[in-house]
Amino acid sequence: MKRIFLRTAAGTLTAALLLSLQGCMPMSPQQTAERMAANMAKTPCTAASVTGQMELSIGMNGMEVDTTVSVEESLVYSADPMQAYMDLEMNYELMGIRVPMTLESYLLEEDSKMVQYLHSDDIWMCADADTSMVQAGTAVQFDEPENLTFDEEVEELDGTPAVCLVGTLSGDTLSPILGSMLGELAGSREQGGDLQEQADLSGVSADVRMYVNKETCLPIRMECSVAGLDTVMNSMLAGSGMSYTVSSFTMTTRRDTSRTPESIGTNVCPMP
């Protein structure tokens, strides 16, 4: 009887140890990405600050001018209630002259449908919107997740234990960040709220380094090198006599934990 008890106790202890070890086993890159996406879906508010720099040439009337565009963008997305706010500031540096551009965007539910308010150059515009514009801002979907890898040299970021996922993102995934920015660059804001529809980002991709908090499995910072913007921008400029050649575009997105869904409501759209 004593032997049976000892064997049972030993078996139970072994099983408990195996289960505890299994829970502590490191996840694969694919499992980390899946866990991160699941945790983001549970987060009531996704907020981020974006900085970027684009090097490009603008062609017109047989001439080409090199320019640099700097980007600063703040984004807040809430899944419940479904709403979003974006504040974009860009600066052209063209032949020694800096030309600033600003754009605000609000996505809200009104009369059981999503609408988008745009504010630029003291002009307000309004158009119907799609919930996918908010949903895209609250999720990260890697292309070919089976090819994701870890940067094995990364163990922390700014003192926070972290892992670094290395992979690619599609233009559709980047649309919350790129859509309005490209619309401003192409001068298409007079078209109302169709900026995202004009910007067909299906041919855009980005090489990405995603830093993920080991404890919360939520993103901390994302570094992107974006390719394929030439085709998008030139299609938006069709018939204008202008052309863009983008030599490089890099972005850094930092997760902002200080924002809440209620804070979107404090930016109540003043459009009459």
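1. Strand E8 (residues 149–150) is joined to E10 by two bridges, and the two run antiparallel; within this pairing, Thr149 has Val166 of E10 as its bridge partner. Strands here are DSSP runs of type E with at least two residues, helices are runs of H or I with at least four, and both are numbered from the N terminus; two strands pair if DSSP finds at least two bridges between them.

2. This is a predicted model, in which local features need pLDDT of at least 70 and side-chain atom pairs count only at pLDDT 80 or more, while totals for chains, interfaces and linings use all residues. Residues are numbered from 1 along each chain as its sequence is written, and side-chain values use heavy atoms, with hydrogens and water left out.

3. Strand E10 (residues 160–170) also runs antiparallel to strand E7 (residues 142–143), to which two bridges join it, with Asp143 opposite Thr168. Strand E9 (residues 156–157) pairs with E10 in the antiparallel sense over two bridges, and Leu157 stands opposite Thr160. The hairpin of E9 and E10 has two residues between the strands, and Asp158 takes a positive phi near 50° there.

4. The pairing of E10 with strand E11 (residues 205–213) is antiparallel and extends over nine bridges, Val163 having Val212 as its partner in E11.

5. Which residues of the largest nonpolar core touch the most other members? They are Phe142, Leu178, Val226 and Leu229, out of 54 residues, where a nonpolar core is a set of buried Ala, Val, Leu, Ile, Met, Phe, Trp, Tyr and Cys residues joined through side-chain atoms within 4.5 Å. Strand E3 (residues 82–94) gives the most to this core, with six residues. A second, separate core of five residues includes Leu157, Ala162, Cys164 and Tyr211.

6. In helix H6 (residues 229–236), the buried residues (under 20% relative accessible area, with a 1.4 Å probe and protein chains only) are Leu229, Val232, Met233 and Met236. Seen down the axis of H6, these residues fall within an arc of 90°, so they line one face of the helix; the arc is taken from the directions from the helix axis to the C-beta atoms.

7. Tyr117, in strand E5 (residues 113–120), counts as buried because its relative accessibility is 11%. The C-alpha atoms of Tyr117 and Ser105 are 5.6 Å apart, although the two residues are twelve apart in sequence.

Definitions and conventions:
Buried < 20%, exposed > 50% of the residue type's maximum accessible area, 1.4 Å probe, protein only.
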